[in-house]
Amino acid sequence: MFLIVQHSDTTMMAKYIPVVKELYIKKETIGENYALLFDRLMLERENGIQYYGTQINPKNHQPYKIKDIKNVNQRRSQLGMIPLESYLKKFQKINK
């Protein structure tokens, strides 16, 4: 179900972001799912700016612009996510 919402239009993403957040709070999904959906929605609504660095540009394998990048790892940690640098290494390995 998450993947359907994650790859839907912004209206559906906006409708389900509170549901995914509540599922995370109840520990029924992982924080990364919330961050993935939140960032994808924010890229559309905030002129290409994300908060957790989960959305990667396929052309250069770098994250799209991140708001307050100096604190991104703190935000990621609060959701139980690995640091951005480690996350990006996964994309580098895949695309070699």
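Leaving out neighbours within four places in sequence, L84 is in contact (heavy atoms within 4.5 Å) with G53, P63, I66, V72, N73 and R76. The model behind this is predicted, so local features need pLDDT of at least 70 and side-chain atom pairs count only at pLDDT 80 or more, while totals for chains, interfaces and linings use all residues. Residues are numbered from 1 along each chain as its sequence is written, and side-chain values use heavy atoms, with hydrogens and water left out.

I66 counts as buried because its relative accessibility is 9%, where buried means under 20% relative accessible area, exposed over 50%, and partly exposed in between, with a 1.4 Å probe and protein chains only. With neighbours within four places again set aside, I66 is in contact with I49, Q50, Y51, G53, V72, R75 and L84. The C-alpha atoms of I66 and G53 are 6.0 Å apart, although 13 residues separate the two along the chain.

The buried set is G31, N33, Y34, A35, L36, L37, F38, D39, L41, M42 and L43.

Rings come next. Rings of Phe, Tyr and Trp (its six-membered ring) pair if their centres lie within 6.5 Å, and planes under 30 degrees apart count as stacked, over 60 as edge-to-face and the rest as tilted. There are 4 aromatic pairs in the structure. Y34 and Y52 are edge-to-face, because their ring centres are 6.5 Å apart and their planes meet at 70°. This pair links distant parts of the chain, with Y34 in helix α3 and Y52 in the loop between α3 and β1 (56–57), 18 residues apart. Both Y34 and Y52 are buried. F38 and Y52 are edge-to-face too, since their centres lie 5.9 Å apart and their planes are at 75°. F38 is in helix α3 and Y52 in the loop between α3 and β1, so this pair ties together parts 14 residues apart in sequence. Y34, F38, Y51 and Y52 form one aromatic cluster.

As for charges, the count comes to 1 salt bridge, taken as a side-chain nitrogen of Lys or Arg within 4 Å of a carboxyl oxygen of Asp or Glu. D68 and R75 form it, with the closest N and O atoms 3.6 Å apart. R75 is buried, at 16% relative accessibility, whereas D68 is partly exposed, at 38%. A charge also sits over a ring, which requires NZ of Lys or CZ of Arg within 6 Å of the ring centre and within 35 degrees of the ring normal: R76 lies over the face of Y87, at 4.6 Å from the ring centre.

R76 and Y87 are also contacts of I82, along with K90, once neighbours within four places in sequence are set aside. I82 belongs to the loop between α4 and α5 and is partly exposed, at 39% relative accessibility.

Finally, the backbone. Most residues other than glycine have a negative phi. D68, in the loop between β2 (62–63) and α4 (72–78), has a positive phi near 50°. K27 has a positive phi near 65°; its place is the loop between α2 (10–25) and α3, and it is exposed, with a relative accessible area of 72%. After α3 comes N47, whose phi is positive, near 55°. The C-alpha atoms of K27 and I82, 55 residues apart along the chain, are separated by 17 Å.

Notes: Helix = DSSP H or I, 4+ residues; strand = E, 2+ residues; numbered from the N terminus.
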